[in-house]
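This note is intended for a colleague who wishes to review the fold point by point. Please keep the sequence and the coordinates at hand while reading.

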Amino acid sequence: MPRRPEFTERYVDALQALAVATGRTARVTNANGQYALRVDFEFGRYLTATNTDAVTGLADADAAEPWRVRVFDPIADDGSPHLVADQSATWLIDAYDAAVVDLLPPAEVRGEF
């Protein structure tokens, strides 16, 4: 993970924003050569945030690329990650908020009609 410290420094604001929004620690991770911001939750659920679909997964912190937030849940029998939310937006927190909405139960379950 030779570029992890570089991306951690470059994305300090984005990491802090995710940490505040989630109440969890956010970090830069490298999975199969693709860097992403990552937040881990209970029961193996986690989210990743990237701002490009390029090989590195992270572009310049000030890039005009939209942020993509994906939430994974290891619900498969083998524990492999299953995508449960995938949202994009110009701003990281907007993409995060939209992904969280995808995780909410339908309106009928929440008591709304």
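The numbered points below cover the basis of the model, the sheet, the helices, the core and some single residues.

1. Basis. This is a predicted model, in which local features need pLDDT of at least 70 and side-chain atom pairs count only at pLDDT 80 or more, whereas totals for chains, interfaces and linings use all residues. Residues are numbered from 1 along each chain as its sequence is written, and side-chain values use heavy atoms, with hydrogens and water left out. Helices (H or I, at least four residues) and strands (E, at least two) are DSSP runs, numbered from the N terminus.

2. The sheet. An open sheet is formed by 5 strands in the order E1-E2-E3-E4-E5, with antiparallel pairing; two strands pair if DSSP finds at least two bridges between them. E1 and E5 are the edge strands, each pairing on one side only. On average, neighbouring strands of the sheet are turned by 30° against each other, direction ignored. Axes here are lines fitted to C-alpha atoms, for helices over the stretch in contact, and angles run from 0 to 180 degrees between N-to-C directions.

3. First hairpin. E1 and E2 are paired in the antiparallel sense over 6 bridges, and Thr29 stands opposite Ala36 in E2. The two strands form a hairpin with 2 residues between them. Asn32, in the turn, has a positive phi of about 55°.

4. Between E2 and E3 the antiparallel pairing runs over 4 bridges. Asp40 stands opposite Tyr46 in E3, and Leu37 has Ala49 in E3 as its bridge partner. This hairpin has 5 residues between its strands. Phe43, found in the loop between E2 and E3, has a positive phi of about 60° although it is not a glycine. Most residues other than glycine have a negative phi. Is Phe43 buried or exposed? Phe43 is exposed, with a relative accessible area of 80%; the classes are buried under 20% relative accessible area, exposed over 50% and partly exposed in between (1.4 Å probe, protein chains only).

5. Helix pair. The axes of H2 and H3 lie 10 Å apart, and the two helices pack at an angle of about 30°. H2 passes H3 in a right-handed crossing; a crossing is right-handed if the near helix is turned clockwise from the far one by less than a right angle, and left-handed if anticlockwise. Ala14, Ala17, Leu18, Ala21 and Thr22 in H2 meet Leu92, Ile93 and Tyr96 in H3, where contact means heavy atoms within 4.5 Å. By class, this contact has 7 nonpolar, 1 polar and no charged residues. Ala, Val, Leu, Ile, Met, Phe, Trp, Tyr, Cys and Pro count as nonpolar, Asp, Glu, Lys and Arg as charged, and the others, Gly among them, as polar.

6. Core. The largest nonpolar core has 21 residues, and those with the most contacts inside it are Leu18, Leu37, Leu47, Ala49, Trp67, Val69 and Leu92. Two or more residues each come from H2 (12-22), E1 (26-31), E2 (34-40), E3 (46-50), E4 (67-73), E5 (82-89) and H3 (92-103). H3 gives the largest share, 4 residues. A nonpolar core is a set of buried Ala, Val, Leu, Ile, Met, Phe, Trp, Tyr and Cys residues joined through side-chain atoms within 4.5 Å. Leu92 touches Ala14, Leu18, Ala49, Trp67 and Val69, not counting residues up to four places away in sequence.

7. Val84. This residue belongs to strand E5 and, at 28% relative accessibility, counts as partly exposed. Leaving aside neighbours within four places in sequence, Val84 contacts Arg45, Val71, Phe72, Asp73 and Leu103. Val84 and Asp102 are 18 residues apart along the chain, with their C-alpha atoms separated by 7.9 Å.

8. Arg3. Lying in the segment before helix H1 (4-10), Arg3 is partly exposed, with a relative accessible area of 30%. Arg3 and Asn30 are 27 residues apart in sequence and 8.8 Å apart in space, C-alpha to C-alpha.
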